[in-house]
Amino acid sequence: MRPELSGTAIDETAGWLRDADRVTVLTGAGISTESGIPDFRGPDGVWTRDPAAVGLVSLPDYLADEDVRRRAWLSRRDNPAWHATPNAAHLALVELERAGRLWATITQNIDGLHQRAGADPSRVIELHGTLYQVECLQCGRRVPMTEVLDRVASGDPDPACTACGGIQKAATIAFGQQLDRSVLSTATAAAAGADVFVAIGTSLTVHPAAGLVDLAAAAGARIVIVNAEPTPYDEVAARRFAAPIGVVVPALVRRVLSANG
Ligand code: NAD
């Protein structure tokens, strides 16, 4: 057995989760790789393999260049999230939530897999937005992504807003774009109010998301990190599991719930 998955490490961490009044998790792209959605910075990450792909999520490039927008619509159409299903880690977090032991799920992911796994949507804070909605950058109107992708399929490579003619984009946060203020303040409260804060599958290099760890730690939360690769926050973590998320998270949840009843 890997040392970081020893019964002692799982038992002790499960004890922290059990004793906590408020457990908050922060998830990143790494929780969805086992559902077949590549992350950005892991060994098989989209940007590790194709550094130029970062241009597709930069707002200035998106606004200035119609070709970037055309490619972005095709990449939304081809996003593996459309065919992905939640994995054992998403499902385990739902069990934790249903047992009343998960206060909030903050996610950097846009794939909707927490909700598809059965998480209460009111407890999922989508820090970086969602792939399933499109927003007009001029008038702010939102429409379902499927509606706009139908227009792409019918031959419109860069569908404009039907209300005002503005440029449209997935309702996700691109580089150069501010996070939604109310979403960020909900996430801040969920981090600052936690007794235990578990960061799962995130390289903790994207801010302000990564700064939520600082907030939680400053407010006295125990920090637990589940991530295959090192992160800049490993030193503040009371425990770090460098093993597959689909193994660690279900093992932890099983341990919390088995001692529950
Ligand atoms: P990241 O790509 O920077 O880091 C992911 C981390 O997860 C890596 O350190 C990697 O080692 C680890 N990891 C991957 N699979 C793992 C596994 N099975 N077990 C253990 N560790 C694993 O991801 P990030 O920090 O979330 O930042 C990327 C940004 O890109 C986010 O803002 C997010 O919005 C976006 N993104 C989202 C998705 C999605 O919705 N699924 C996918 C790619 C990128």
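A: For the angles given below, axes are lines fitted to C-alpha atoms, for helices over the stretch in contact, and angles run from 0 to 180 degrees between N-to-C directions. In this predicted model, helix H7 (residues 145-153) lies across E4, E5 and E6, and runs at about 75 degrees to E5. Those three strands form an open sheet in the order E5-E4-E6, with antiparallel pairing; strand E5 (142-144) and E6 are the edge strands, each pairing on one side only. On average, and with direction ignored, neighbouring strands of this sheet are turned by 45 degrees against each other. Helix H4 (residues 66-77) also packs on the sheet, where it touches E4 and E6, and its direction makes about 45 degrees with that of E6.

Between strand E4 (residues 129-136) and E6, the antiparallel pairing extends over five bridges, and Ala170 in E6 is the bridge partner of Val134.

The glutamine is Gln177, which is found in the loop between strand E6 (168-172) and helix H8 (181-192). Its side chain makes a polar contact with the side chain of Lys169, at 3.2 Å, while a polar atom of the Gln177 side chain also lies 2.9 Å from the backbone nitrogen of Ala174.

How values were computed: Residues numbered from 1 in each chain as written. Predicted model: local features only at pLDDT ≥ 70, side-chain atom pairs only at ≥ 80, totals over all residues. Heavy atoms only, no water. Helix = DSSP H or I, 4+ residues; strand = E, 2+ residues; numbered from the N terminus. Polar contact = N/O pair within 3.5 Å; in protein donor to acceptor, adjacent residues only side chain to side chain. Pairing = 2+ DSSP bridges. Contact = heavy atoms within 4.5 Å.
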